[in-house]
Amino acid sequence: MTAGEPAQEPAEDGQPSATQRSVRAGLELLELEVDEPELAVIEVVDSLYRPLTEALIVAELDGVEPEPGADMSDGPRAVEER
Amino acid sequence: VSLLDRPLREQAGAVAAGDADPAELLDAALERIEERNPAVNAIVDTFPEESRRMLAEAPRGPLYGVPVAIKDEWPLPWRAESLGAAQPVGPPPKAGESGPYRALRDTGAVIVGVANMHEYGAGSTGHISAFGPARNPWDTERCPGGSSSGPGAAVAARMVGGAVGADGVGSIRYPAAYCGLTGLKPTFGRSTMQGHHVQQTTTIVSGPLCRDAADCRLLGGVLYGEVLASGDPQGLRIGLVPGDLWDDCDPEVTDACRHAVEALREATAGAVKEVDFDGREHVLISSILVGQTEELADMTPARVASLGEDVSLVARALLRYRMLIPAVAISKALRVRTVVRRSLAELFEHVDVLAWPTVAAPAPPLDNPTVEVPSGHYPADYVNPRQAGIANLTGVPAISAPVGRTSEGLPIGLQLLAPWGSDELLLDAAEALEGANGREWVDAAPPLAA
């Protein structure tokens, strides 16, 4: 669990970066406008968290005993105890 | 020495014994807020009339006549919470009787002020708020920690002996560490959460920020609605997790915390052993994803779009970013939660507590809230959840206790985590630690409060 290296994906030749394009497209689908300063903040945050998110998405977490109705006030119980 | 300079329990004891007039204590607290608050901006609202009414109607409970502050995250009958923000992002907040308000009222406490917080609770530093940043009493150019920034700064500046905060991804423990206080994150569900704006939360808890563990025991017990009994932590088995939780920290932080663990081991005639748990590499992102998506149900694109420039640029950007979090990531984060919970349950059969630094580096500057750790230079908000998020992700209790100061005079905090329901053990251990270091760190006051 390292702090991680920020993903480097600078815009080239004044062209929007992949992050900028995907964020704009995603927010457009939600009919939510985003301005340049907001995009700049998002790009910084994304450069930090995207590697962690991608690592999580590709993680194989098969075989984990599920915890249906998990109660955070107590430790986990086996499925048959529920 | 003013009674306000004494711990919360001594204030309560003096009033109960008739040695102090609670009306005079309330006036003294209001005067002190007026005098010291301009330097730290910890308290964003006072209401002497309501405070005096609380005192007039106060029952003779364990906190009778004692002034306390409450984070701007909890509604009061005369004031809706604002979450340190100029505009709500969810439904408009309403004034009312939140659980912490009722708990304080029913035990005789007097709420003397509402304390500042990081905007929307979305930061570990406290450097952003609609009321302006709260400042660290140990160095007013530095962050007090967040999101319970005001509770931390108010207690450290000796304006109140205790304050109620909330902890969703470390928000009580960061300010405790940055401000040299003791902060308790209860086991999920043990402390009152009534009236909180994230009603469906599985991560957020109310909890106390005080000078020491005994005061957290008192104020925490009020929030729990039960007495938190003292025990003997002799033979404490302390687990240390190898890797970044210890190694990727400012060396002064690591050294102070290692010394504290050794002092705790000696004081309890205990043992230290190396342990580890599964899923550790995904805890940081999972705790953030789970914590930050619990509020998404209250958000709509229209609500986000309606936020004006009186809301910070960072918040406007982050709220948009949250709308795009992939569902698969959230689902995986919930799976990680199960992995870590099962692994912790197994691990706690072999150790009583886990220990590591509460924050990786001391309080960063307000104008540049970044920290230097061995792996690089990062926003404090990025590194801090790695240290604290696991308690919220899994529900276990955690405490931050002051264990030293850096060469620049900034407080250092050690975090202890225990099994579900073992909150009392954390208080016992923190008290043993205080005894081991002669109460040097819990009794220290910052220059502006000396």
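## What counts, and how many

A salt bridge here is a side-chain nitrogen of Lys or Arg within 4 Å of a carboxyl oxygen of Asp or Glu. With that cut-off, searching the whole structure turns up 38 salt bridges over all chains. Keep in mind that this is a predicted model.

## A pair in chain B: Arg6 and Glu10

B:Arg6 and B:Glu10 form one of these bridges, with their closest N and O atoms 2.8 Å apart.

## Arg217 and helix H15

Now for B:Arg217, which makes a salt bridge to B:Asp428 at 2.7 Å, N to O. B:Asp428 belongs to helix H15 (residues 423–436) of chain B and B:Arg217 to helix H7 (residues 213–224) of chain B, so this contact ties together parts 211 residues apart in sequence. Both B:Asp428 and B:Arg217 are buried.

B:Arg217 also meets B:Glu431 in a salt bridge, this time at 3.2 Å, N to O. B:Glu431 lies in helix H15 of chain B and B:Arg217 in helix H7, so the pair links parts that are 214 residues apart in sequence. As for accessibility, B:Glu431 is partly exposed at 26%, while B:Arg217 is buried at 9%.

Salt bridges with shared partners connect B:Arg9, B:Arg211, B:Asp212, B:Asp215, B:Glu434, B:Arg439 and B:Asp443 into one network.

Conventions
Residues are numbered from 1 along each chain as its sequence is written. Chains are lettered from A and ligands numbered from 1 in the order in which they are written. This is a predicted model: local features need pLDDT of at least 70, side-chain atom pairs count only at pLDDT 80 or more; totals for chains, interfaces and linings use all residues. Side-chain values use heavy atoms; hydrogens and water are left out. Helices (H or I, at least four residues) and strands (E, at least two) are DSSP runs, numbered from the N terminus. Buried means under 20% relative accessible area, exposed over 50%, partly exposed in between (1.4 Å probe, protein chains only).
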